[in-house]
Amino acid sequence: MVLDPWGWMMMMCFFVALPCALLGAYLILRRMSLVGDAISHSALPGIVVAFAFVGDLSSPWLLVGAAVAGVLVTFLIEQIHRRTRIKQDSAIGIAFTSLFALGLVLIRVLLGDKVHLHQDSVLEGNVSHVTYAKTVRFLGLDVPDSLFPAAIVAVVTVALIIVFYRILTLSSFDAGLAASLGYSPGVVHYALMAVLSVVVVSAFEAVGAILVIALLILPGATAYLCTHRMKLMLFLSAVHALISSIAGIYISVWFNGKASAGVVIAGTLLFLLAWMIGPADGVLVKAIQRRRHLLD
Amino acid sequence: MKICFCLLGLILLSLIGCNNNSLDEIWESTETFESGGKMRVATTTTIVRDLVRVIGGDEVDVFGLMGEGIDPHSYIERPTDMIALKSADVIFYSGLHLEEKLQENLEKLDDSYAVTAGIAKSELIIPEDKYEAYADPHVWGDPELWGHTIKVVVDVLVAKDAKNADLYKARGVTHLAEMLELKSWAKNRLSEVPVEHRILVTSHDAFMYYAKAFGFEVKAIDGLAPGDKGGPKKVKELVNFIQEKKLKMIFPESAANSKGISAIAKDAGVAVSAHELFADATGKLGVMESVDGETYDVGSYIGMIKHNINAIVEGLK
């Protein structure tokens, strides 16, 4: 089978990268890019507490705990920067580092020496498990079953963004106007954060808490340099996710290392490309325009 | 804009058109087992690799995922490893959760076997303070116990490759005898260490079976896996313990960071052995070591145990 194993890993990366890319585009517009970082790091205490209850490292409740912690950290950030003079960037720094530290303390206090739950298991991810998963017959192909949760998260996120496109875009560009039209920016904010938590948590299993932030920011940032239209920006973000997933696996095979690192390197290269030759803000494009302007 | 899309399309197409890694880098011969080539066996740790190499001999093509100096607890497979695992006819891993994440993946594959399945549950050490009933995976500390893994490898190889069955069986019998001989050699050698000095302090808890087999007491800075850090309290207890017992030497490990052990040695005023012990991996294959006129390859299991025992005897006697 042609798709085996790299094809499945590419698809896995894409299903992880796609929802991150779309949500990331909105995060960039809202100047909240680092919230993704905050969510992914604060997942640790959520995982530890959930583990203390269920006592099983492979339980899905661990992801639920992580997602709850993710929503909690966005709530904390919001409260700190609303109720004090502290700005949002500092609030992010305070909220997630303290929750991550709390996670480290909880590992010791709740679990002690009893279990080998290491913070590295949250910081580093792995997509190779699709290679070993049991396969399910789907659309005439033997599809690894571990691909489905990621695919479902991706499809649901895309659907939500299509359905709430108007509200999301409006409140991202002009919260005041959105409020005057009867949409509550607070509800939109927390709904976006809740979806983001689920997406980030399901992504860091694959790429880890550090590299997930690249999946959130790079596509949107790259698209932002290529276009000034929202719909096109979302589309280009998705294209970025697709190319970096495919190219990333090839890069990782080439240097014989981790897939997640390859995907991020590919994404960064695309960003550099957009920076240089992006149709909207590319350095070269601008230089040409300037020259044309002078010639005229 | 259109040019941009065309460019993207081109990049995409060129990427999909790339070729995969070839199998030549992994296996000796390009011929598969089905088409008359050697059986392809993938192994995880160097200790398992040596086991299969000894029993399989020239009749099998062995690929080891992990090199020397690799910590099997935190190993994540590289792309070449995935190709090796996919194209292997048989996979042997150590098991008992030694390979942690990798083991979870290996368990899902057909034709993958944990060599430690050959060891009876009653022989395993289950640390009392563990959350889950995970047994200590470092069973190779006792050569006699490790000898039980031979049967697993022999049975699988015989079932897969009946035409060489006699060879595998004969090598299994010889290797088992070597294990028993190794244990009595080690016991004999360790008798040079005075009973009150039979205490081994190392980086991580990998020597429990060794301790049980040879009447040693073991203490480690880390828990069962490197990175399973003890807090400051544990370090202080260890320093006190070393001073109380008037230990002469403590030991670093090849696949673990020796910083911790050096710091403790400094605090406790005890020497650090110049010889790193091989805990979770053998030494480099082909590196010969001579002690008391006896030469062995530290890349083999027997050589690894001899190296450890010689280092311990030299340091503590």
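Where is A:Arg31 found in chain A? A:Arg31 sits in the loop between helix H1 (6-29) and helix H2 (35-54) of chain A.

## Basis

The model is predicted: local features need pLDDT of at least 70, side-chain atom pairs count only at pLDDT 80 or more, and totals for chains, interfaces and linings use all residues. Residues are numbered from 1 along each chain as its sequence is written, while chains are lettered from A and ligands numbered from 1 in the order in which they are written.

## Positive phi in loops

Most residues other than glycine have a negative phi. A:Arg31, not a glycine, has a positive phi of about 55°. A:Arg31 is exposed, with 11 other C-beta atoms within 10 Å (exposed: 12 or fewer other C-beta atoms within 10 Å, C-beta atoms being placed from the backbone).

B:Lys246 is not a glycine either, and has a positive phi of about 50°. Its loop runs between helix H9 (232-244) and strand S7 (249-250) of chain B. Helices (H or I, at least four residues) and strands (E, at least two) are DSSP runs, numbered from the N terminus. B:Lys246 counts as exposed, with 10 C-beta neighbours inside 10 Å.

## The chain B sheet

Four strands of chain B form an open, parallel sheet, ordered S2-S1-S3-S4. Paired strands share at least two DSSP bridges. Strands S2 (60-64) and S4 (112-114) of chain B stand at the edges; each has a single partner strand, so one side of each lacks a neighbour in the sheet.

Strands S1 (residues 39-43) and S3 (residues 90-93) of chain B run parallel, joined by three bridges. B:Val41 has B:Val90 in S3(B) as its bridge partner.

How values were computed. Buried ≥ 20, exposed ≤ 12 C-beta atoms within 10 Å, placed from the backbone.
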